[in-house]
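Subject: Structure handover

Hi,

Here is the structure I promised to pass on. My notes follow below it.

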Amino acid sequence: MALPYLFEFWALPHQLPPGGDSRTWVILGGRGAGKTRAGAEWVRAQVEGARPLDPGRARRVALVGETFDQVRDVMVLGDSGILANSPPDRRPRWKAGERKLVWPNGAEAQAFSAHDPEMLRGPQFDAAWADELAKWKRGREAWDMLQFALRLGERPRACVTTTPRSVPVLRELLEAPSTVTTHAPTEANRAHLAASFLEEVRRRYAGTRLGRQELDGVLLNDAEGALWTTEMLEGLRVAEAPELDRVVVGLDPSVGGRGDACGIVVAGARMQGPPTEWRAFVLADRTVQGLGPDGWARAAVAAMERFGAHRLVAEVNQGGKLVEEVLRGVAPELPYRPVHAARGKAARAEPVAALYEQGRVRHLAGLAALEEQLCLMTPWGFEGQGSPDRVDALVWALHELMVRPAAEWRRPRLRVV
């Protein structure tokens, strides 16, 4: 009868705490990855002794969620919560009026809402479980108050279970030397999830930035002051593009060696009426890495053929005539326009970012890697690692589709008499 309650036997790797003397264990995971169960079992491991009445490592535990209702309904009473997963001889009693769990050995856990950080002034604890920290609207204040309250025992500890969101309190916690992290996508817990749920969320969100966060459990960073944000991009997503008047491939060639990435982005536009009514659609990211000139040239030409592109536009600041020679070696009749970057990357990107702000660009699925780079591009430069090759290719494609034609449309025309 004991086997169902031996979590070490059933647990997935990300649900077991790493070794060491860390102060905080953060479990990052996608929706349904088993974070709540891991948190509940961690609390059990802290408060339970070898026998039902023996003391454990902790005797005073703080349970903190976004709201009190979520602490009660998810962390305490939920299917993956503490009560449902405690064996009968060690199961605590829930005292609703006191918002408290009491174990047979005398250990207690008090429920708190992160909406009211001041309630954490006064109490003291030797362990804490914080659920969905990245969702707390007063996350900084509540987390700080909890740290002051974790002052009992020789080594007070905390467990944080959360789907990642790029909020300062979580980023700083992950960077702290006293923090250890485990991570898992939703798929890791598929044995305990409805097949229809997995099928639906894969269909709707696979290949999107939101999917990377909510399903893969990846912390996505938006640089401070970024020209693009996660919220902006999620609001511009569409399932498919309409019939397009023009399609182009933007190319940021790789000429520095086989380790470099070559940005290849396909975009099209619906160009009916004046330029203010034009709409662009980013169709695909075909960026390649680790290929020589012939390899990336073939990838770019293949993207043109796949999407019926009318033109390929490529930056030639570094490659010069070599870029055209390589491309024409693959496709001699290629409709091609070379472009020279006279301004910095951020300055070139700003007119394109303005199109997004106006709601005139839409994204199809499958652009997560491109969108990660976009959210790290600021007016002062790229805040990510390496070069924003995908962003460069996108910018050249949308300049060719939207910015340059619009400028020509507005240019005064001479009247012939």
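Is Gly295 buried, partly exposed or exposed? Gly295 is partly exposed, because its relative accessible area is 24% (buried means under 20%, exposed over 50%, partly exposed in between, with a 1.4 Å probe and protein chains only).

Two points on how to read this. The model is predicted, so local features need pLDDT of at least 70 and side-chain atom pairs count only at pLDDT 80 or more, while totals for chains, interfaces and linings use all residues. Residues are numbered from 1 along each chain as its sequence is written, and side-chain values use heavy atoms, with hydrogens and water left out.

**Gly295 and its helix**

Gly295 belongs to helix H9, residues 293-307 (helices, H or I, are DSSP runs of at least four residues, strands, E, of at least two, numbered from the N terminus). Its C-alpha atom is 9.8 Å from that of Cys262, 33 residues away along the chain.

H9 packs against helix H10, residues 321-330. The angle is about 65° and the axes are 9 Å apart (axes are lines fitted to C-alpha atoms over the stretch in contact; angles run from 0 to 180 degrees between N-to-C directions). H9 contributes Pro293, Asp294, Trp296, Ala297, Arg298, Ala300 and Val301 to the contact; H10 contributes Val323, Val326, Leu327 and Val330 (contact means heavy atoms within 4.5 Å).

**Aromatic pairs**

There are 3 aromatic pairs in the structure (ring centres of Phe, Tyr or Trp, the latter by its six-membered ring, within 6.5 Å; planes under 30 degrees apart are stacked, over 60 edge-to-face, the rest tilted). One of them is Phe68 with Trp94, stacked at 6.5 Å between centres and 20° between planes. Phe68 is in helix H3 (residues 68-76) and Trp94 in strand E3 (residues 93-95), so this pair ties together parts 26 residues apart in sequence. Phe68 is buried, at 14% relative accessible area.

Trp228 and Tyr356 also pair. Their centres are 5.6 Å apart and their planes lie at 85°, so the pair is edge-to-face. Trp228 sits in the loop between helix H7 (209-214) and helix H8 (230-234), and Tyr356 in helix H11 (residues 345-357), 128 residues apart. Both Trp228 and Tyr356 are buried.

**Charges over rings**

Arg99 lies over the face of Phe68, 3.8 Å from the ring centre (the cut-offs are NZ of Lys or CZ of Arg within 6 Å of the ring centre and within 35 degrees of the ring normal). The charged end of Arg306 is over the ring of Phe307, at 4.5 Å from its centre.

Best wishes
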